[in-house]
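Let's walk through this one together, starting where the two chains meet and then moving out to individual residues. Keep the viewer open as you read.

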Amino acid sequence: MADRSRLCTVWLGSETGILKGVSVTRKQAFNFCNTSHLSRDQEVRALCWGDPAESEVLVGSVDGTVKTFSTEKGQFTDSRRCGGPADGGFTGLALCGAALVTCGECGTLRVWREDSSEPALELSAGNNVCRMRQSPVHRDRVATGGKDNGLKIWDLQKPDAPLFTAKNLRDDWLDLRRPHWVRDLAFIPDSDKVVTCTGYHQVHVFDPSSPQRRPVLEVEYGEYPLTALSLPAGGSTVVVGNTHGQIALLDLRKGVVRGCLKGLAGGVRGLQCHPTLPVVASCGLDRFLRIHSLEDRTLLHKVYLKSRLNCVLLASRDLEDGRGAAGEGGSQEVKEEEEGGEDEVWDTMERVEEKPKRKTTEEEEEELQKKKKSKKKRKKGQD
Amino acid sequence: MFYFINLYCTFCTTFPLCCCVKLEFLPQKGSIKEHLISDLSRQKEEEKMEKSEPGAAAFPPTFSVSEIKNKQRRHLMFMKFKQEKRKQKMQLKKKKKKEREALGDKAPPKEVPKTIENQRVFDETMVDPEDEEVAFDEATDEFSAYFNGLTNPKVLITTSDRPRGRTVRFCEQLATVIPNAHVYYRRGLALKRVIPQCVARNFTYLMVINEDRKMPNGMVLCHLPDGPTAHFKISSVRLRKEMKRRGKDPTEHSPEVILNNFSTRLGHSIGRLFAALFPQDPQFVGRQVATFHNQRDFIFFRFHRYIFKNEKKVGIQELGPRFTLKLRSLQKGTFDSKFGEYEWVLKVSNFSLRRQKSCDKETN
């Protein structure tokens, strides 16, 4: 069990309550289940890393329990009761220092300390919250959004009022109030900005540092609600997925669709980009995990997992990395030898210098001027 | 003389000047038709001669039969080309047969010809009958209430607004095939408002037949309490009148249901969707059977009656409508095409190797 869980680089939560770990190199999926008896109450709604070293996964279920799964040991180590089934499923899980921040669909955001079973802090983020996320820069800040419930950024140290409440878009040309449904959101890494995707196929960027409370940028994609969002490492693009299984790369500087990732046949439930590699993992209702490369938008890996998948979590280490066995250590040594061998081969080869085919721009300009002069001379001559 | 001389005389525009000149001088030789035919045959011989002379023929290297502008000549050349090809093929076959006979027992085994079914890639979503996870998934999904015997099917059949004759008759016949089915006129009502009313009246299925140009062409099948909605395309509908050698009208007995080839995960969901339309206890007295046969993503519906001639022989007579369905999308939840989440959508772009994908509810 333990070695299996150490191999897994992608973790997924399914509707049947099973935590699935996938090892991409071996193309194998492993099921990790808490109880021998499966039930729909255990449907996994939220996944997050339990610690910065990524050795623990926190699994939030529909009935309100948060379980800790240790990747080193390969089993569930802890289970806490954080709210009940009346709260609805978890829409977000985050770790703030030693405390656990949870948010349910009913809107109550709670901060739990390690020991007590009562929340240390409880605040209401409105009704119908669809997503809660934590800012990677300021660990105290948390953003929530939902149906008819705009984006709100909360500071957990000052829980009375949100730091930033987004204003709805301007009324449309018939002076009717625009409907508003935030499905997923993310904090842009190097700045204060937040990107949200809505159920009305829009992507908004909000900037809390600017005085404008309306979205700074709006991009529309497709005709179906956008359900998942993720930011790749670059910083100026965003990957969104909708209920029809269309995943698109949008550019945030211009507000243009860069390209689409093909292959998904069902609604996208979870999207995550790898922190360093240009790779995105998507999972959805069609029971497949797909890993696409962001540069050329091709499908790299596809794994069939038998239940509908709700959320996906990528390990920061290299996807292709397979740790543990001595055999793999041996293969690494073999690779190094090969690389050394290649250097020797290159050194022994003769160097071939390229002829400068293209002239520099200065030279081109001089030539153009010369041509012009000669033309003028010719004209005068003809006259 | 390979390039046909493009001088046309005033009499006939298709033949070069040389032949027509002959016509003028020798009018007694016969009708123009005969001349034309003789000219044609002469040209054929010329071409044959040219072909048979290997080096001197001077076919330009990029010549193809399609570049000849004259339709009759082009046709002739093409016929010749095909005959040549066929001849070579027959020669090759004969040679191979001789070799095979010569070798006798040592001959290599005969090669299996490639067919569409042979070239398929195995679909990884095929359901293993002993898979626990899939079994649990099915035991707790939206159809579990039906399969555990807790609910009885009650179907509401309706159409799109203002249906025309064929669709109306189709709905009526469907209502005789499916027990406990009721046909209602649509009256332009919105489906999202109809659904809560159906749920209140204990209906388990809502079936909407969509009509286009007086023919039924689509079906939305929505499992009611909160079940999945499937959208199908209907084609080749045959009503009872149009069926040959059919039996008498079906009786009120609940039919036996046969579901063929619903073997992938998606196939399982659709198969259960169809199974839950009919009551769980078939009345074998009625000898009626409804078949949903899935082949290459098309679902064929047939309704038969068994005729037991004696203890060993059974015949079937077809009653009732027949139609083919193709799944376009499967949506989780009741009918909500704008904001619902789709479990599977038919996307033509996913079927790049359409023939090479495995059978029977192709997923990608």
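Between chain B and chain A you can count 9 salt bridges. Bear in mind that this is a predicted model, so treat each distance below as a computed value from that prediction. One of these bridges pairs Asp137(B) with Arg287(A), whose closest N and O atoms sit 3.4 Å apart. If you look at polar contacts instead, the tally between chain B and chain A is 17 residue pairs, with both partners at pLDDT 80 or more.

Which elements supply at least two residues each to the side of chain B that touches chain A? They are α4 and β10, the latter covering 341-345 of chain B. The largest share comes from β10(B), with 5 residues. Sorted by class, that side of chain B holds 12 charged, 7 polar and 6 nonpolar residues.

On the chain B side 25 residues are in contact, and they meet 36 residues of chain A. Putting the two chains together buries about 2,600 Å², and carbon and sulfur atoms account for 48% of that area.

Zoom in on Glu133(B), which lies in helix α4, residues 132-139 of chain B. Is Glu133(B) buried or exposed? Its relative accessibility is 6%, and since the cut-off for buried is under 20%, Glu133(B) counts as buried. Its side chain makes a polar contact with the side chain of Lys20(A) at 2.6 Å, and another with the side chain of Asn31(A) at 2.9 Å. Setting aside neighbours within four places in sequence, the residues in contact with Glu133(B) are Thr16(A), Ile18(A), Lys20(A), Asn31(A), Lys306(A) and Ser307(A).

Let's cross over to chain A as a whole. Chain A has 3 helices and 28 strands. It runs to 383 residues, 51% of which count as buried. Take the contacts in chain A between residues at least 6 apart in sequence: 43% of them join residues at least 24 apart.

Gln134(A) has a relative accessible area of 17%, so it is buried. What does its side chain reach at 2.8 Å? That would be the backbone oxygen of Leu95(A). The side chain of Gln134(A) also has a polar contact of 2.9 Å with the side chain of Arg139(A). Beyond its neighbours within four places in sequence, Gln134(A) is in contact with several residues, among them Ala94(A), Cys96(A), Val142(A) and Phe187(A).

Finally, a bit of backbone geometry back in chain B. Asn180(B) has a phi near 60°, a positive value in a residue other than glycine. You'll find Asn180(B) in the loop between α6 (165-177) and β2 (181-183), where it is partly exposed at 41% relative accessible area. Lys214(B) isn't a glycine either, and its phi is positive too, at about 65°. Lys214(B) belongs to the loop between β3 (205-212) and β4 (215-223) of chain B. With 56% relative accessibility, Lys214(B) counts as exposed.

Methods
Residues are numbered from 1 along each chain as its sequence is written. Chains are lettered from A and ligands numbered from 1 in the order in which they are written. This is a predicted model: local features need pLDDT of at least 70, side-chain atom pairs count only at pLDDT 80 or more; totals for chains, interfaces and linings use all residues. Side-chain values use heavy atoms; hydrogens and water are left out. Helices (H or I, at least four residues) and strands (E, at least two) are DSSP runs, numbered from the N terminus. Buried means under 20% relative accessible area, exposed over 50%, partly exposed in between (1.4 Å probe, protein chains only). Contact means heavy atoms within 4.5 Å. A polar contact is a pair of N or O atoms within 3.5 Å; within protein, one must be able to donate a hydrogen and the other to accept it, and residues adjacent in sequence count only if both atoms are side-chain atoms. Buried area is the accessible area (1.4 Å probe) that two parts lose on being put together, summed over both. A salt bridge is a side-chain nitrogen of Lys or Arg within 4 Å of a carboxyl oxygen of Asp or Glu. Ala, Val, Leu, Ile, Met, Phe, Trp, Tyr, Cys and Pro count as nonpolar, Asp, Glu, Lys and Arg as charged, and the others, Gly among them, as polar.
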